[in-house]
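Welcome! Have the sequence and the 3D view open side by side, and take your time turning the model as you read.

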Amino acid sequence: FDFVFCNPPYISLKEEIGLPDAVKLHEPHVALFGDSEKGLDPYKHVAERLSTDEILKKNTGKALVEIGIGQARDIKAIFEERGLCLYKTVKDPCSIERCLIFQRKR
């Protein structure tokens with residue numbers, strides 16, 4: 001593929017208590033919560049698939065993943081450990097890193 005878009009559940013279960021009702025009550029639980037520790041398990045699965053399958057085109061394919069607050073460093077490491085490299089980081093209007101774009105190493 002030229003592009004893979006991924007918006008996995010990235011909120012940890014321990015963060016559920018502080019989550020606003022506007023979010024918690026209007027989204028399915030499975031769409032919000034990634035795991036109990038840091039919300040990173042879905043990224044491990046996605047990075048593994050992208051690194052082992054010929055999903056992304058070798059030189060031009062990009063994977064765009066939405067991330068939670070403070071997860072950029074950990075997610076970058078997860079993808080890099082599996083042979084993908086960070087192409088670009090995109091911040092939201094509040095200057096919070098919200099999207100990481102990866103490509104296969106050349």
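## Cysteines, strands and a nonpolar core

Counting disulfides, meaning pairs of cysteine sulfur atoms within 2.5 Å, gives a total of zero here. C94 is in no disulfide, and the nearest cysteine sulfur to its own, that of C99, is 16 Å away. C99 is in no disulfide either, with the sulfur of C6 as the nearest one at 10 Å.

Before going further, a word on the background. This is a predicted model, in which local features need pLDDT of at least 70 and side-chain atom pairs count only at pLDDT 80 or more, while totals for chains, interfaces and linings use all residues. Residues are numbered from 1 along each chain as its sequence is written, and side-chain values use heavy atoms, leaving out hydrogens and water.

Some of the residues in this tour are covered and others are open. Buried means under 20% relative accessible area, exposed means over 50%, and partly exposed lies in between (1.4 Å probe, protein chains only). The table lists a few examples.

| Residue | Relative accessible area | Class |
|---|---|---|
| C94 | 63% | exposed |
| C99 | 17% | buried |
| S95 | 53% | exposed |
| F5 | 65% | exposed |
| F79 | 0% | buried |
| F102 | 0% | buried |

Now look at strand β6, residues 97-104, where six of the eight residues are buried. Helices and strands here are DSSP runs numbered from the N terminus, with at least four residues (H or I) for a helix and at least two (E) for a strand. Strands pair if DSSP finds at least two bridges between them. Which strands pair with β6? One is β4, residues 62-66, which runs antiparallel to β6 over four bridges, and A63 stands opposite F102 there. Another is β5, residues 84-91, also antiparallel to β6 but over seven bridges, with L84 opposite R104.

β5 and β6 form a hairpin with five residues between the strands. S95 sits in that loop, and it has a positive phi of about 65 degrees although it is not a glycine.

Next comes the interior. A nonpolar core is a set of buried Ala, Val, Leu, Ile, Met, Phe, Trp, Tyr and Cys residues joined through side-chain atoms within 4.5 Å. The largest such core has 24 residues, and Y43, L50, V65, I75 and F79 touch the most other members. At least two residues of this core come from each of β1 (3-6), α3 (41-52), β4, α4 (72-81) and β6. Taking contact as heavy atoms within 4.5 Å, V65 touches C6, Y43, F79, R98, C99, L100 and F102, leaving aside residues up to four places away in sequence.

How many aromatic pairs does the structure hold? There are two. Rings of Phe, Tyr and Trp (its six-membered ring) pair if their centres lie within 6.5 Å, and planes under 30 degrees apart count as stacked, over 60 as edge-to-face and the rest as tilted. F3 and F5 are stacked because their ring centres are 6.1 Å apart and their planes meet at 25 degrees. F79 and F102 are stacked too, at 4.1 Å centre to centre with 10 degrees between the planes. F79 belongs to helix α4 and F102 to strand β6, so this pair ties together parts that are 23 residues apart in sequence.
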